[in-house]
Amino acid sequence: MQNIQLSTKDLSVFYGEKQAVKHISLDFAAKQVTALIGPSGCGKSTFLRSLNRMNDLIDGARITGEIWIGDENINDPGTDVVLLRQKIGMVWQRPNPFHKSIYENIAFGPRYHGIRDKKKLDQIVEESLTKAALWNETKDRLGDSALSLSGGQQQRLCIARSIAVSPSIILMDEPASALDPVSSAKIEELIAELKQEYCIIIVTHNMHQAARVSEKTAFFLMGELVEYDDTSKIFTNPTDKRTDDYISGRFG
Ligand SMILES: Nc1ncnc2c1ncn2[C@@H]1O[C@H](COP(=O)(O)OP(=O)(O)OP(=O)(O)O)[C@@H](O)[C@H]1O
């Protein structure tokens, strides 16, 4: 039996009258990467953002259905959204480090959650940067501005920042699409490392990337989940003709 970290049940997301995500039920297991693929506008990012309630920040966005982490439905009014986002980290398409030092970018979250001890914070900074494959490049310049890092390094810093608060799930919205091929390859290597510990859900437009990094793939079309299966099956022998058409580049 797989260790399910997150489940959606009949999840729909609306922007005003428009339904961007339609009745999606999916389970996401620990230590596994799930890729969300589909043509532009099919609702991948909307679905992803709903998983840690980032859609709360969008005027007119409304959700029906359920999202479960353990025995908690995250849309219950009593949910502590700050704690929720500690459990479910998010990495965006464009690296968005704080305008602070490398060290402070990582220490910010743990400090916010009450860790004050300098030694403990030092340890979290080192561990997080190590897990994000950035420690060797930054250990001698932790006081430098995060903005002095390259784009690829900044993205790994953002991954380290999300790891620093000990999430169990990491959401990634096209995390490598703004990066050069070498930096992009490093992010893929990093995802392969991180999945040994975390449940990772990644939106990607890059079919090769989806095939390389994920165990499971969900194909979305016009807000609907067309097909969900093992990535190897989706990319070699999909059940639905629309999936086949999409992955073989016939549309989208
Ligand atoms: N803030 C918003 N307000 C209104 N409509 C929105 C908003 N964000 C997205 N939409 C609409 O919801 C639908 C799904 O958009 P979404 O960004 O989730 O798709 P996507 O599959 O992630 O697309 P892309 O691959 O281009 O990022 C689209 O029709 C889009 O125009």
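## A buried ring and a ligand shell

Phe220 has a relative accessible area of 0%, so this residue counts as buried. The structure you are looking at is a predicted model. Let's take a friendly tour, starting with the aromatic rings and moving on to the ligand.

**The aromatic rings**

- Across the whole structure, a search turns up 5 aromatic pairs.
- One of them joins Phe47 and Phe220, whose ring centres are 5.4 Å apart.
- If you wonder why two numbers are given, a pair of aromatic rings is described by both the distance of the centres and the angle of the planes.
- Which parts of the chain does the pair of Phe47 and Phe220 tie together? Phe47 sits in helix 1 and Phe220 in strand 9 (residues 216-221), so the pair links parts that lie 173 residues apart in sequence.
- Phe47 is buried too, because its relative accessibility is 0% and the cut-off for buried is under 20%.

**Around the ligand**

- The ligand has 14 residues around it, and those that come nearest are Ser40, Lys44, Ser45, Thr46 and His205.
- Helix 1 gives the largest share of this shell, with 4 residues.
- Strand 2 (18-29) and helix 1 (44-50) each contribute at least two residues to the shell.
- What kinds of residue make up the shell around the ligand? There are 5 nonpolar, 6 polar and 3 charged residues.

- Ser40 places a polar side-chain atom 2.5 Å from an oxygen atom of the ligand.
- Gly43 uses its backbone instead: an N or O atom there lies 3.0 Å from an oxygen atom of the ligand.
- In the side chain of Tyr15, an N or O atom is 3.5 Å from a nitrogen atom of the ligand.
- How much of the ligand does the protein cover? On its own, the ligand has 630 Å² of accessible area, and the protein covers 65% of that.

**The annotated region**

- An unreviewed UniProt entry carries the annotation "domain: ABC transporter" for residues 6-247.
- Over residues 6-247, the chain is 37% helix and 27% strand.
- The end C-alpha atoms of residues 6-247 are 26 Å apart.

Key
Residues numbered from 1 in each chain as written. Predicted model: local features only at pLDDT ≥ 70, side-chain atom pairs only at ≥ 80, totals over all residues. Heavy atoms only, no water. Near = heavy atom within 4 Å. Polar contact = N/O pair within 3.5 Å; in protein donor to acceptor, adjacent residues only side chain to side chain. Areas by Shrake-Rupley, 256 points an atom, 1.4 Å probe, with all protein chains shown as cover. Nonpolar A, V, L, I, M, F, W, Y, C, P; charged D, E, K, R; others polar. UniProt positions renumbered as here; feature names shortened; annotations may be inferred. Phe/Tyr/Trp six-rings, centres within 6.5 Å; stacked < 30°, edge-to-face > 60°. Buried < 20%, exposed > 50% of the residue type's maximum accessible area, 1.4 Å probe, protein only.
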